[in-house]
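The structure comes first, and the notes follow it.

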Amino acid sequence: MTIRQAGSLLVRSLWRAPRAFALSVFGIGVGISVLGFFLALSLGMQKRVLSRIFPTDRLEVVPPKTSVDQGALGALGSLLGGSRQLGDEVIATLRAHPDVLAVFPRMKVAFPVRGWGGERIVGRPIYTDLPIDGIDPAAVSEATAPWAFKDYVSAENPFCTEDKNCPSGWYCSWDINKCEPPVPVIVSPTILEFYNGSFARMYGLPKISGFLANQLRGMTATAELGKSFISRRESGKPRQRKLVLVGVSDRAQPFGLTVPLPYVKRWNAEYAGGGAAQEYSSLTVQVRPGKSVTRVVELVRKLGYSIEDNGAEQAGLAVLLMTALFVLVSLSTLVVATLNVAHTFFRAISERRHELGVMRAVGASQRDILILLLGEAVCIGVGGALSGLVVSWLAAQGIDFLSKTALPDFPFKPSSYFWFAPELVAGLLLFSVLICLLGALWPARAAAKQSPAEALTAK
Amino acid sequence: MPSESSTVPTAPPRPSDQATQDLITVSNLRKRFGDTEVLRGIDLTIQRGEMVALTGRSGSGKSTLLHIIGGLDYRQGGHSYEGKVELLGHDIAQLTDAALSALRNRHIGFVFQAFHLLAHLSCLDNVLLPNAFAASPLGQAEAEQRAQLALERVGLGDKRRSRPSELSGGQKQRVAIARALLFRPTLLLCDEPTGNLDDYTGQQIIELFQELHRDGLTLLLVTHEPRVAQATTRLVRLQSGRIVETEEPAP
């Protein structure tokens with residue numbers, strides 16, 4: 001039997017009982033739509049929400065919080081040599097691991113800093129203490145403007161006594177009489193999300209969209225090193241530095257400002273002592289694409305350090321459990337649908353015994369009968385998958401629309417909660433066809449095996 | 001399958017088949033349904049060009065014998081009879097399902113008492129059905145032309161688009177005969193072909209069989225109707241699974 005002949009027979013066979021065909025398609029479609037909806041939701045949450053909050057391809061290595069975290073060797077090391085520090089030798093060890101793409105050190109400013117600025121957003125300056133981190137400029141891949149995210153302090157910087165002695169955009173650091181560009185600062189998308197989701201609503205301030213974020217690039221503020229609005233503690237000789245916002249990056253600390261690492265090293269050395277300039281607060285370990293973080297985690301723990309618990313594991317586990325629960329519900333629907341297909345086929349085949357007997361009499365082989373009946377199952381599977389996917393996609397569009405129009409803004413609110421990945425669509429199509437084939441296989445085999453004489457003479 | 005001719009769809013024996021005149025040879029055939037032995041050592045030979053009637057009471061084993069000869073008594077794992085049945089020189093017990101299906105498709109036409117037309121297909125599509133399962137199917141145009149000729153041969157050229165539900169019993173049986181003739185078979189096996197027809201229509205079908213026989217087709221008809229038996233060249237009577245009488249009806 002040729003494909004054309006089989007296709008022609010299939011179409012006419014399905015067309016003669018459109019209601020039965022539609023019912024079978026409906027049964028499968030319901031299961032696939034539920035399964036597709038929850039899987040797309042799970043993928044969407046992973047891709048559009050969780051991955052923005054908790055990147056899965058990188059680790060944050062921190063010094064051990066307690067001796068329990070360190071393992072036997074680490075604990076012994078702590079007892080003999082004091083607490084473990086994150087230094088350059090740890091960076092070298094981690095960089096040598098085959099699964100590690102890059103290691104970027106991070107250092108926190110170890111003394112009080114206060115600052116003011118923000119007139120371009122709220123119309124008047126905001127005064128606050130500033131948490132500042134320094135990170136390796138190589139860690140930032142995002143475009144920055146109007147300045148590159150790098151260290152601009154150099155012995156060759158021009159001498160000055162006032163700003164007008166300096167090139168355009170630079171200012172005069174009067175304490176050292178050197179021209180410098182403002183210190184480039186990046187902020188995290190998290191801080192923008194929280195600003196939009198909370199502060200902008202609370203104080204009726206404009207939200208910072210992608211456009212506005214670009215507009216804010218170049219916004220300057222002033223930091224006063226060694227002084228605080230909160231604490232009376234002062235370190236070293238207070239002096240002011242200009243800061244300029246150059247971009248948004250998920251490598252920046254979630255709440256606070258992030259500047260190139262050399263600035264923080266110099267400031268810590270000056271205000272908090274040499275030791276503070278040697279000790280990194282954490283290391284961002286970027287894992288190679290396609291590699292698991294597991295082996296790197298093992299190495300980190302072996303070295304006696306900890307992985308920053310940012311909640312990603314728990315959040316991922318929660319999503320996984322929820323997805324598993326919904327998938328189980330969907331699968332039970334599909335099991336019922338599969339049984340329905342099997343039942344439909346048994347009934348249909350029983351009703352069509354004479355027809356199948358005639359086909360055998362005029363030359364259909366057992367294989368031909370099997371192909372015809374399984375072909376019908378494939379049609380039901382494809383029809384069920386397509387209708388189910390359309391329904392789940394429409395439901396997803398409805399939820400997204402409701403979220404857009406009826407829900408208030410909140411941090412990390414996505415434009416869509418769903419992701420119908422091509423692999424998901426293909427997988428559901430394949431799965432639908434497979435369960436229909438599974439449901440039809442037994443009755444189809446039984447029909448193909450029966451003797452043509454018995455089929456023709458069946459009452 | 002020969003496709004060179006587009007005339008009346010009955011066939012003379014092929015050159016390769018002429019080596020033997022024995023079309024069907026049944027030797028010591030036995031068949032049981034559970035504890036009941038339905039066929040008890042049947043020996044029968046049918047030669048090319050014969051028109052044989054197989055008669056007997058209900059339950060005498062006529063239809064069972066016809067099904068076995070036509071290769072319809074086959075299930076997964078093989079045949080369920082003892083003895084030997086040779087059809088066109090092939091021991092059908094030795095054929096695979098695919099080979100036996102191809103033999104049925106090309107060389108045997110079946111006509112049943114209940115017509116067994118597919119209700120969702122038109123008359124033309126019913127006649128074309130064997131082409132769907134042919135190892136080398138005819139092209140669409142040629143197949144349709146041949147099916148149309150077969151319908152005209154049985155007097156239903158104008159019914160090609162009709163559904164079986166729109167036809168009378170006699171017309172349905174004619175469509176079934178046209179279907180059996182699509183590939184110009186060597187042998188036509190008929191199981192009570194007039195059993196569901198009135199006298200007049202039945203007589204027309206008998207005359208059609210006689211016409212086909214005159215054109216060279218070999219026919220084996222299971223019947224309990226004397227007038228059908230009278231129309232044949234040989235009559236084989238079965239009783240309780242045994243052949244009890246063979247006779248050639250008077251012209």
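The contact between the two chains draws 29 residues from chain A and 27 residues from chain B. The model is a predicted one, and the values below are computed from it. Between chain A and chain B an area of about 2500 Å² is buried, and carbon and sulfur atoms give 60% of that area.

**Interface area**
- On the side of chain A, the residues that lose the most area to chain B are Gln5(A), Arg12(A) and Val362(A), which together make up 21% of what that side buries.

**Polar and charged pairs**
- Nine residue pairs are in polar contact between chain A and chain B, counted where both residues have pLDDT 80 or more.
- Two salt bridges are found across the interface of chain A and chain B, and the side chains of Arg360(A) and Asp97(B) meet in a salt bridge with an N to O distance of 3.1 Å.

**Helices that supply the contact**
- In chain A, α1 (3-15), α11 (353-361), α12 (366-406) and α14 (452-457) each supply at least two residues of the side that touches chain B.
- With six residues, α11(A) gives the most to that side of chain A.

**Nonpolar surface patch**
- Tyr127(A), Phe229(A) and Ile230(A) form a nonpolar patch on the surface, and together they have about 370 Å² of accessible area.
- Within chain A, Tyr127(A) lies in strand β4, which covers residues 126-129.
- Tyr127(A) counts as exposed because its relative accessibility is 52%, where exposed means over 50%.

Technical notes:
Residues numbered from 1 in each chain as written. Chains lettered and ligands numbered in written order. Predicted model: local features only at pLDDT ≥ 70, side-chain atom pairs only at ≥ 80, totals over all residues. Heavy atoms only, no water. Patch = residues over 30% accessible without salt bridge, like charges linked within 9 Å, V, L, I, M, F, W, Y side chains within 5 Å. Areas by Shrake-Rupley, 256 points an atom, 1.4 Å probe, with all protein chains shown as cover. Salt bridge = Lys/Arg side-chain N within 4 Å of Asp/Glu carboxyl O. Helix = DSSP H or I, 4+ residues; strand = E, 2+ residues; numbered from the N terminus. Buried < 20%, exposed > 50% of the residue type's maximum accessible area, 1.4 Å probe, protein only. Contact = heavy atoms within 4.5 Å. Buried area = accessible area lost by both parts, 1.4 Å probe. Polar contact = N/O pair within 3.5 Å; in protein donor to acceptor, adjacent residues only side chain to side chain.
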